[in-house]
Amino acid sequence: MKATWVVKIALVATLALVATEFVIGTMSHSLALVSDGWHNLTDVPSLILSWIALYFERRPPDTHKTYGYQRAGVLVAFVNSLLLVTVALYLCYEGYERIIHPEPVASGAMLVVGVIALVVNGGISWGLLTERSDLNLRAVFIHNLGDALSNVAIIAGAWVIRVTGHTIIDPALGFLIAGLILWSSVGIISESSNILLESLPKGMSLESVAAAVLSVEGVKGVHDIHIWSLGSSSHALSCHVHVLDMPTSECEPIAYQVREVLAHEFGILHTTIQFEHTHPPGEFHMYMPEPAPPSKAK
């Protein structure tokens, strides 16, 4: 699987980049580089967990996990985003400390490492560009895209420090990177929370789903509709459907049409339909007539 190999390569490249940013950032007194190192360091457990999640997501259902492990990636994305929020708050604190106690910054080393980091993070983001439908991989993609954008800011900041000598640019970049981390985390926390809480899938309307079911010939009513996500792109539905009084075998074509509509219009592939029978006005027991009264004995 392409995504698995991209995650493996990204893990090795990120570890090498983190070590470089910590060493050069400490030697050059660059908070921006150290901050970006911490930012990239949070990608390491994120990538490891994403790797594990990719493995579990492909495992089939069993007697204990009857839906399989489709939410493994969602859970990982949620945990990774919470970790990123903690890192962002820490970087804000470090930026405040650096403003109070400024230090000289070696802009040349900062510029070189910023370019290297941009190449690494940009390459990882490019590799995951086509995998964003998976919430787990989208979290990794956004992490690395945020890293790449912060690298652009570091390169620009290093050049400004080199030209003007204003070291206040360095902690300002630390705040910018922290803001990028928070921005990338909030959306993933919201979306993964909705999936874990079995909320209505993103971009889906309960009214439109009900209308689609009612459009199927033979459906007279629908109620008790429940829609939830099994994973990032796998949705399920259960509902009660009213049909006219008919044999069970005649309900199957209606059930097939309902499933087809839900699959093609909303991507809902796992459906549970309970049929409830009703009678047309003035006609009762069409298929189950009452028995004739017994004849009187002579």
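**Cysteines, sheet and helices of the predicted model**

Cys251 is buried, its relative accessible area being 3%. The structure described here is a predicted model. With a disulfide taken as a pair of cysteine sulfur atoms within 2.5 Å, the count comes to 0 disulfides.

The sheet is open and consists of 3 strands in the order β1-β2-β3, with mixed pairing. Strands β1 (221-229) and β3 (268-278) stand at the edges; each has a single partner strand, so one side of each is left without a neighbour in the sheet. On average, neighbouring strands of this sheet are turned by 15 degrees against each other, direction ignored. Strands of a sheet pair through backbone hydrogen bonds, in either a parallel or an antiparallel manner. Strand β2 (residues 235-244) and β3 run parallel and are joined by 10 bridges. In one of these pairings, His235 has Ile268 in β3 as its bridge partner.

Helix α8 lies across β2 and β3, and runs at about 145 degrees to β3. This helix comprises residues 248-266, and Thr248 is found in it. Thr248 has a relative accessible area of 62% and is therefore exposed, the cut-off for this class being over 50%. Although Thr248 and Phe275 are 27 residues apart in sequence, their C-alpha atoms are 9.0 Å apart in space.

Two further helices were compared with the span expected at 1.5 Å a residue. Helix α4 (residues 107-127) has 21 residues and should span 30 Å; the distance between its end C-alpha atoms is 30 Å, which agrees. The expected span is 1.5 Å times one less than the number of residues. The buried residues of α4 are Ser107, Met110, Val113, Gly114, Ala117, Val120, Asn121, Ile124, Ser125 and Gly127. For helix α6 (residues 169-196), with 28 residues, the first and last C-alpha atoms are 40 Å apart, close to the expected 40 Å. Just after α6, Glu198 takes a positive phi of about 60 degrees.

Terms used. Residues are numbered from 1 along each chain as its sequence is written. This is a predicted model: local features need pLDDT of at least 70, side-chain atom pairs count only at pLDDT 80 or more; totals for chains, interfaces and linings use all residues. Side-chain values use heavy atoms; hydrogens and water are left out. Buried means under 20% relative accessible area, exposed over 50%, partly exposed in between (1.4 Å probe, protein chains only). Helices (H or I, at least four residues) and strands (E, at least two) are DSSP runs, numbered from the N terminus. Two strands pair if DSSP finds at least two bridges between them. Axes are lines fitted to C-alpha atoms, for helices over the stretch in contact, and angles run from 0 to 180 degrees between N-to-C directions. Contact means heavy atoms within 4.5 Å.
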